[in-house]
Amino acid sequence: MRKLIFATNNKHKLGEVREILDGTVQIVSLEEAGLSGEIPETADTLQGNALQKAQWVWERTHQDCFADDTGLEVDALGGAPGVYSARYAGEHCTFDDNVNKLLKALDGETNRKAQFRTVICLIEDGEPRYFEGKVEGQILTERYGNEGFGYDPIFMPDRFAVSFAEMPLEVKNMISHRGMAVKRLTEYLNK
Ligand code: IMP
């Protein structure tokens, strides 16, 4: 089976992507690849960050690898926090801090429209290639559910009456930004 190193330190992302690619591609974690340390993500676009993270692995291993970068783009905030979603509430903030800050920023706001967007950068034989996925929805006024991670408890995708954090992983993966981007990656790999 084809092997790809996934450039992430986020165990939730690793679990989600492994579940989608199960049986198609063997996902190698950074730990399994013998890599450790903070991966820099200092670009000002999702594409730039995805490339930076994948390149960090490529430079150290020269093995095929990929990285994803995700942003939550909120209409009423002009697309913020977007590429800065991970550090929205400050440099060493938690998922909870970010959710609190976003709920506060939207306090009293009736336009709750938002989208999650993921860009995956695959590096194959040193060449980068990009795959994108997005999902539209609404920011809820409080947290619902305990599954998932990040902004999941306050994001309700369109055509659903529950938050991402109230869905089983298989359902989130079928409709999510990362699920879509990984599906496009798989289609390319299976060609
Ligand atoms: P990054 O791709 O790790 O830089 O993610 C940016 C931020 O978006 C992090 O704070 C994540 O928690 C959040 N995030 C990424 N993917 C998801 C998701 O699937 N659900 C909820 N939050 C997410």
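1. In this predicted model, Phe164 is buried, its relative accessible area being 1%; buried denotes under 20%, exposed over 50% and partly exposed the range in between, with a 1.4 Å probe and protein chains only. Phe155, at 0% relative accessibility, is likewise classed as buried.

2. Rings of Phe, Tyr and Trp (its six-membered ring) pair if their centres lie within 6.5 Å, with planes under 30 degrees apart termed stacked, over 60 edge-to-face and the rest tilted. One of the pairs joins Phe131 and Tyr188, tilted, at 5.6 Å centre to centre and 45° between the planes.

3. Phe131 belongs to strand S6 (residues 127-139) and Tyr188 to helix H5 (residues 177-190), so that this pair links distant parts of the chain, 57 residues apart. Helices (H or I, at least four residues) and strands (E, at least two) are DSSP runs numbered from the N terminus. Phe131 and Tyr188 are both buried.

4. The pair of Phe155 and Phe164 is tilted because the ring centres are 5.2 Å apart and the planes lie at 40°. Ring pairs join Phe155 and Phe164 with Phe116 in a cluster.

5. Lys172 lies over the face of Phe164, 5.4 Å from the ring centre. The charged end of Lys101 sits over the ring of Tyr88, at 4.5 Å from its centre. The criterion is NZ of Lys or CZ of Arg within 6 Å of the ring centre and within 35 degrees of the ring normal.

6. Local features need pLDDT of at least 70 and side-chain atom pairs 80 or more, whereas totals for chains, interfaces and linings use all residues. Residues are numbered from 1 along each chain as its sequence is written, and side-chain values use heavy atoms, leaving out hydrogens and water.
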